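Hello,

Here is the structure I promised to pass on. My notes follow below it.

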Amino acid sequence: MRLTNAIDLKLKDAEVIYYPNFFTTKEANTLFEALLNEVKWQQDTIKMFGKTHLQPRLTAFFANNQNRYKYSNIIMQPEMFNANLSRIKTIIENELKIEFTSCLANLYRTGNDSNGWHADNEKELGEQPIIASVSFGAERVFHFKHRTDKQLKHKLILQNGSLLLMQGDTQNNWLHQIPKTKKTIGKRINLTFRIIA
Ligand SMILES: O=C(O)CCC(=O)C(=O)O
Ligand SMILES: [Fe+2]
């Protein structure tokens with residue numbers, strides 16, 4: 001049921017599948033409210049090109065091991081998964097038949113919050129990172145661009161309750177971002193489940 005209406009994006013040199021109805025709207029709305037209130041959302045300072053900035057969104061990091069996650073010069077120490085995050089993790093694992101260790105959570109407070117062009121290709125994610133990315137709350141546009149073939153771009157809307165699975169060589173060949181938008185929109189929570197060895 002959860003994997004119905006799957007859309008294979010058929011991106012070149014990548015494996016990206018979008019599951020628009022992974023969670024029902026009712027489940028997604030309930031989880032959105034719960035996570036909004038129970039997660040200790042933080043705004044970290046990142047260092048890029050020698051300058052420090054506040055990240056343009058709030059984040060939190062969870063894992064079932066002690067492994068830290070390092071990116072953009074920040075080191076995130078994991079917290080334990082709470083009950084809702086554990087339930088979400090188990091549902092995803094049972095459907096995808098993949099086990100995850102960690103989850104980086106993002107809260108986009110308004111359209112002015114964003115996530116700049118990047119790939120999730122840190123060494124600790126392995127050579128072909130598998131990332132299962134769940135969205136709750138307001139819809140946001142997600143952009144892909146190929147690293148070397150500049151013609152190749154793709155846009156999709158990440159709907160409330162959807163799951164985006166990125167695997168294979170996706171992170172090696174493509175970058176992704178959540179751009180800012182001038183539209184007045186509500187909050188969005190994104191959970192990216194990862195395997196961090
Ligand atoms: O918010 C999203 O959908 C993307 C999050 C993301 O790319 C990340 O946390 O690495
Ligand atoms: Fe990412």
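**Ligand site**

Ligand 1 is surrounded by L104, N106, N115, D120, S133, F142, L158, H176, I178, N190 and T192. A residue belongs to that shell if its C-beta atom, placed from the backbone, lies within 6 Å of the ligand. The shell divides into 4 nonpolar, 6 polar and 1 charged. Here Ala, Val, Leu, Ile, Met, Phe, Trp, Tyr, Cys and Pro count as nonpolar, Asp, Glu, Lys and Arg as charged, and the others, Gly among them, as polar.

Please note that this is a predicted model: local features need pLDDT of at least 70, side-chain atom pairs count only at pLDDT 80 or more, and totals for chains, interfaces and linings use all residues. Residues are numbered from 1 along each chain as its sequence is written, while chains are lettered from A and ligands numbered from 1 in the order in which they are written.

**Strands and sheet**

Three strands, β8 (102-108), β14 (174-178) and β15 (188-194), each supply at least two shell residues. Strands are DSSP runs of E, at least two residues; helices are runs of H or I, at least four; both are numbered from the N terminus.

β8 and β15 are antiparallel partners over 7 bridges. L107 sits opposite I189 of β15. β15 also pairs with β10 (residues 131-137), antiparallel, over 6 bridges. There V134 faces L191 of β15. Pairing requires at least two DSSP bridges between two strands.

β15 is mostly covered, with 6 of its 7 residues buried. Buried means 20 or more other C-beta atoms within 10 Å of the residue's own; exposed means 12 or fewer; partly exposed is in between; C-beta atoms are placed from the backbone.

The open sheet has 7 strands, paired antiparallel, in the order β1-β2-β13-β10-β15-β8-β5. β1 (7-8) and β5 (58-63) are the edges; each has a single partner strand, so one side of each lacks a neighbour in the sheet.

**Record and loop**

UniProt, in an unreviewed entry, lists residues 99-197 as "domain: Fe2OG dioxygenase". Its positions are in the numbering used here, feature names are shortened, and annotations may be inferred rather than shown by experiment. That stretch is 4% helix and 48% strand, with its end C-alpha atoms 12 Å apart.

T184 lies in the loop between β14 and β15. T184 counts as exposed because it has 8 C-beta neighbours inside 10 Å. From T184 to W174 is 10 residues in sequence and 29 Å in space, C-alpha to C-alpha.

Best regards
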